[in-house]
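My notes follow in the order in which I took them.

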Amino acid sequence: MPMLSRAQNAAMHAAAAGRSTLGIPKAVAEKFVADSHGQSVKKLPKHVKPAAKRGQPFGSLAPDGDGR
């Protein structure tokens, strides 16, 4: 998984060190840190806005989105 922002990078490094309050599993963070070792964060944005919410809940097949 590539780094998307400086904030994500900082959060993953904190989780790998055991200082995360976001609920990121330590094993996931350690893998992320190992995979991104040596990559520059200088050109990354500070934050990335979350994806826009869609009208229907995930996995819903109903046209009105109520899941029935």
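I began with contacts (heavy atoms within 4.5 Å): among those between residues at least 6 apart in sequence, 51% join residues at least 24 apart. I note that this is a predicted model, in which local features need pLDDT of at least 70 and side-chain atom pairs count only at pLDDT 80 or more, while totals for chains, interfaces and linings use all residues. Residues are numbered from 1 along each chain as its sequence is written, and side-chain values use heavy atoms, with hydrogens and water left out.

I then looked up the helices and strands (DSSP runs, H or I of at least four residues and E of at least two, numbered from the N terminus) and found 2 helices and 0 strands. Of the 68 residues, 25% count as buried (under 20% relative accessible area, with exposed over 50% and partly exposed in between, for a 1.4 Å probe and protein chains only).

Last, I searched for salt bridges (a side-chain nitrogen of Lys or Arg within 4 Å of a carboxyl oxygen of Asp or Glu) and counted 1. It joins aspartate 35 and lysine 31 at 3.0 Å, N to O, and both residues lie in helix 2 (residues 26–35), 4 residues apart, about one turn of the helix. Aspartate 35 is partly exposed at 46% relative accessible area, whereas lysine 31 is exposed at 54%.
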